[in-house]
Amino acid sequence: MIKHITQNQKNYLTRFEFILQGIARPISKSFPFQNISKIMRENYAFEKARTIVPFFYYFMVIVALYRILDLSNIVNEGQRIFAPRWPIFWADYLHYLTVIDIVHVFFILATLTGAFFYRHRAGRFIVFLGILEYHALRNSFGVTYHNWDIWVWIALLFIFLPDAWGSAHKSPRKRKRFLLVFWGAQAFVLLMYSMSGMWKIIAAAGQYLNGEASAVSFDAFSLHISTQLNILPETMTSMLGPLIINYPLLGWLPLIAIIYLQSFSFFIAFRPSLHSIWALGLILFHVGAYLTIGAEFFQHIPFLLFLFLDSPFRDPRASWRQTIADLPIFGWILGYLPKRNITNAV
Amino acid sequence: MPYNALKIFLLSFFIVYFFAGFYVSKTIRGEKYLIFPAFLFTQVPPQIGTEYTVRILEYGGKELDHPILFPDAYKLYFDNSIALPHYNSVIRRIGMNIWQGQSGEIGQYIEALERSFLSKPVVYEIVRVKFDTIEYWRTGKTIEEKSIATFNTEDAGL
Amino acid sequence: MSLSHSLPKKLIVLFLVFYFVVGVYAHFYIINQEEVYLLYSWDLYTKVPPRIQTEFTILIHEFEGKRLENPIIFERARGVLYSSLTEYRHSTYNKTNIQNIVRLLAPSIMHDKTKEIERLRMELEKTFLSHPVVYEVVEITFNPIERWKNGRFININSLGIFTSQVF
Amino acid sequence: MNRIRAVSKLINGRLGLGDIDRFVQKDKAYERAKSIVPFFYYFILFVALLQLLQLRHLSEPLIFAPRWPIFWADYVSFQSAGTIILVFFSFATLAGAYFYRNHFGRFVAFLGLLQFHAFQGSFGGPNHQWDLWLWVALILIFLPDIWGKTKQSSREGKKFLIVFWGAQAFLLLTYSMSGIGKLLHAALQYFQGEAHLFMFNSAAFHVYSWLNAMQATSLLGQLIIEHPLLGWFPFMFILYVQVFAFLVAFRPSLHRVWALALVLFHMGTYFGMNAEFFYQVPLLFIFLFASPFHEPGTSWRKMISDLPLVSCLLRRLHSKHVTVT
């Protein structure tokens with residue numbers, strides 16, 4: 001009987017792997033993904049990635065502590081509607097205020113556990129639970145906040161880090177897997193930006209063809225800003241918003257640059273030389289978005305800093321020339337030029 | 001800087017900061033900009049505490065039936081875009097200075113406080129409240145509320 | 001052996017693809033409904049707002065018995081409709097609420113649904129700080145830049161004038 | 001030069017500070033310290049960006065009396081001074097996060113922090129929230145610029161580590177000062193016949209009067225007030241942790257434990273009496289919890305025997321034992 005079950009499980013596993021292969025192989029062999037393995041060869045990248053991960057967990061403790069200061073705001077929100085999301089299904093059986101206390105205190109304790117035991121999968125799993133519960137609570141008031149999504153997903157991805165912490169566990173395969181999960185977190189962050197950029201391009205094409213104002217119109221950015229500012233109360237404005245509304249041309253290039261930056265983000269996952277520049281660009285984008293349309297998405301910034309600013313995959317010896325050659329579009333154009341030069345010289 | 005010099009420099013910095021901190025803690029304000037003795041909650045508060053507060057007698061030209069104390073008046077009569085702790089420190093400073101007979105130094109604080117009234121004229125008192133800490137926590141009862149000064153926003157300065 | 005070696009890679013790639021596909025799906029097929037929890041298409045500020053916009057809103061004509069020279073539009077009615085003393089954060093909630101109500105109220109006036117109007121008016125007037133308020137439900141047409149710069153509207157189409165009462 | 005050597009010899013011998021030399025020599029510690037420093041700059045950048053959100057409601061405070069680092073604020077309106085300071089803070093720390101390998105980058109970050117710090121302290125009352133961050137940023141400017149080299153001379157590495165250690169020690173020093181202040185006042189209050197620290201309800205008294213003054217409530221406040229001993233024991237524990245904090249700077253095996261104890265202490269003051277000092281927590285994590293001097297495999301036995309007071313006791317016992325045999 002026992003044998004039978006294990007046999008069955010095995011079948012399942014092989015079938016699962018078979019299906020997986022069928023879907024994943026073509027993708028992972030196709031254009032950008034084949035580069036992943038190339039990126040993560042160096043031992044030095046592994047050492048660096050290993051020093052970054054704990055700081056993610058330390059940071060979570062601080063986030064959790066600061067979240068509890070926001071508790072009274074959450075209590076106020078609950079006066080409207082409280083509809084628990086599935087991760088806090090148990091909330092139905094308890095008093096509303098008790099639920100809030102439990103989620104917050106658990107969040108802090110979970111992250112504190114994570115800070116100490118991030119080397120153990122169980123520790124990382126508890127952190128994930130903590131953030132998931134908090135995220136669910138935050139989203140249980142009828143409105144969906146996506147600001148915290150990234151925390152949940154990265155915490156989930158990091159659960160899969162292999163145990164490669166001690167100096168004894170440095171088999172090349174574990175090292176590679178470790179880097180792969182780390183890369184997965186990076187790629188995920190970049191994917192979010194790419195998706196955002198993609199919609200903008202699609203919408204721009206549609207609006208342009210319809211003859212409406214579109215992202216390429218000169219007044220596009222000032223239309224965005226004025227529409228946002230019209231909704232705000234009179235006393236509130238943004239620092240740079242009025243300037244761009246008055247001189248719409250100032251906003252044209254930044255908007256195009258943002259779309260470029262966002263759309264090609266995912267591509268950057270395969271271009272380590274550009275990691276730190278992209279992080280800088282995206283941070284400036286967040287700051288700029290806040291100073292103009294007043295949209296604040298600062299929860300993403302720690303990830304840009306931790307994962308990309310000093311990216312483990314970035315070769316410290318990489319030259320400026322190579323970095324520029326890696327740039328999407330510009331690099332491709334430049335790629336043709338030297339060749340022609342050479343042929344000219346010959 | 002060579003290693004040893006660096007070490008001596010750091011240690012002497014610590015020593016200087018340490019003694020500067022203790023020195024500063026003895027001054028009246030208990031601190032100086034950039035130097036902080038980190039004396040937080042060093043003294044166990046006495047059972048009979050004293051605080052200073054503001055009591056509003058007339059507001060917007062109308063005499064109030066029941067004069068109200070600052071904590072209750074904060075939301076109604078003051079510009080509450082300014083955070084509570086700011087008010088507390090200003091009121092405490094006014095109270096302590098009057099109590100110690102140094103009324104000359106409170107001009108700017110009084111001015112700041114009066115600027116924050118939502119409507120004028122206002123007649124208010126600075127009150128020194130004496131209370132038993134435990135009793136006050138449980139029931140909100142005070143031992144003594146003593147008015148130490150009365151101000152009218154219409155009076156020109158002090 | 002070789003399978004388990006590349007399994008994590010495939011899982012991660014699949015995860016990325018999955019997130020993307022669901023995001024795209026959500027973008028096209030789940031409109032105006034509850035979003036998929038934890039998944040998001042990230043279409044933020046995707047469309048450039050049109051140069052000519054129309055919106056339902058309310059104009060305040062009379063407040064606390066005082067007739068206003070120039071009626072105030074709802075967005076600028078901080079301190080009249082909703083308290084200037086409440087924190088901004090809170091007032092935005094009130095505002096979104098009010099905006100949603102107005103968005104439903106205007107069409108029901110246009111279609112003369114008496115019961116619906118009654119219900120929505122009650123919802124709306126509950127949020128006012130004091131009564132009576134004389135207000136007008138309008139449809140405004142405007143250029144956002146012009147509106148922000150000098151508060152000018154292209155067209156204001158009145159749908160109905162009401163006087164609020166305590167329900 | 002000779003004089004310096006003589007002084008340092010004196011310090012090492014007399015004050016028992018020779019230990020530092022021992023643990024600042026490790027290559028591994030150097031590598032780790034190098035990977036920790038950037039996170040300090042990432043954190044201040046994040047702090048700066050969150051402060052940027054203040055721009056939304058930058059309203060004239062009750063009192064605005066610029067401190068000397070922002071003397072120039074006298075010549076512009078409050079609004080523009082605030083905007084300039086907050087924006088400069090963001091960009092200075094962004095420069096810090098990007099160029100922390102460079103003296104100049106670290107200096108710019110410090111300057112940004114100084115401006116912001118002065119701004120926060122210019123509203124009439126004192127504001128010590130970011131004091132430690134400021135001093136640590138100042139200390140870190142002195143790090144030698146030896147980032148690019150993978151293998152450096154041990155002398156440079158030592159210099160790097162002593163500066164890093166300086167930041168750790170300063171952090172711990174402030175806790176010690178707080179602890180020693182408590183002890184001094186306890187003695188004073190005892191002789192004056194007032195309520196004092198070692199009374200069983202001292203913690204409860206703190207809770208009462210703080211919650212009264214702040215008009216606040218806290219999660220555990222009621223409990224502590226009803227059972228004063230529940231507050232007193234943690235209070236004594238905190239006293240021990242604070243008083244001996246500086247000593248721990250010389251005992252790397254205890255860095256992590258002390259970091260955890262201090263984080264718990266900050267959580268305790270919040271849950272107990274609603275006094276929040278969370279901005280200290282990132283520093284505790286960056287400099288102590290992740291301490292490069294901590295050996296990963298340190299045994300419990302070693303940690304316990306290193307505990308202040310305990311170690312003293314053990315040494316005495318040990319020496320007696322030796323004389324007996």
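## Terms and basis

A residue is called buried when its relative accessible area is under 20%, exposed when that area is over 50%, and partly exposed in between, with a 1.4 Å probe and protein chains only. This is a predicted model, in which local features need pLDDT of at least 70 and side-chain atom pairs count only at pLDDT 80 or more, while totals for chains, interfaces and linings use all residues. Residues are numbered from 1 along each chain as its sequence is written, chains are lettered from A and ligands numbered from 1 in the order in which they are written, and side-chain values use heavy atoms, with hydrogens and water left out.

## Salt bridges within chains

Over all chains the structure holds 16 salt bridges, a salt bridge being a side-chain nitrogen of Lys or Arg within 4 Å of a carboxyl oxygen of Asp or Glu. One of them joins Glu47(A) to Arg50(A), with the closest N and O atoms 3.3 Å apart. Because these two residues are 3 residues apart in helix α3 of chain A, about one helical turn separates Glu47(A) and Arg50(A); helices (H or I, at least four residues) and strands (E, at least two) are DSSP runs, numbered from the N terminus. Arg50(A) counts as buried at 16% relative accessibility, whereas Glu47(A), at 28%, counts as partly exposed.

In chain B, Arg92(B) forms a salt bridge with Glu51(B), the closest N and O atoms being 3.5 Å apart. Arg92(B) belongs to helix α3 (residues 84–99) and Glu51(B) to strand β1 (residues 48–59), so this pair ties together parts of chain B that are 41 residues apart in sequence. Arg92(B) is partly exposed at 29% relative accessibility, and Glu51(B) is partly exposed at 24%.

In chain D, the side chains of Asp306(D) and Lys302(D) meet in a salt bridge of 3.1 Å, N to O. Both residues lie in helix α14 (residues 300–306) of chain D, 4 residues apart, which is about one turn of the helix. Asp306(D) is buried, with a relative accessible area of 15%, but Lys302(D) is partly exposed at 42%. Elsewhere, salt bridges that share partners join Lys48(A), Asp310(A) and Arg101(D) into one network.

## The largest cavity

How many cavities of 30 Å³ or more does a search of the whole structure find? The search finds 4, where a cavity is, on a 1 Å grid over the protein atoms alone, a set of points where a 1.4 Å probe fits but cannot get out, and lining residues have an atom within 4 Å of a point. The largest cavity holds about 70 Å³ of space, a volume being the space filled by probe spheres set on the points, which are joined across faces, edges and corners.

The lining of the largest cavity consists of Lys48(A), Thr51(A), Ile52(A) and Asp310(A), together with Ser35(D), Pro38(D), Phe39(D) and Tyr42(D). The elements giving two or more residues to this lining are α3 (43–68) of chain A and α3 (27–52) of chain D, and α3(D) supplies the largest share, 4 residues.

## Domains of chain D

Chain D is divided into domain 1 (23–152) and domain 2 (174–325), with bounds from an automatic or database domain assignment. The domain centres, taken over C-alpha atoms, are 29 Å apart, and their contact (heavy atoms within 4.5 Å) takes 16 residues from domain 1 and 17 residues from domain 2.

Methods. On a 1 Å grid over the protein atoms alone, a cavity is a set of points where a 1.4 Å probe fits but cannot get out, and a pocket is an open set with protein on both sides within 12 Å along at least five of seven lines; lining residues have an atom within 4 Å of a point.
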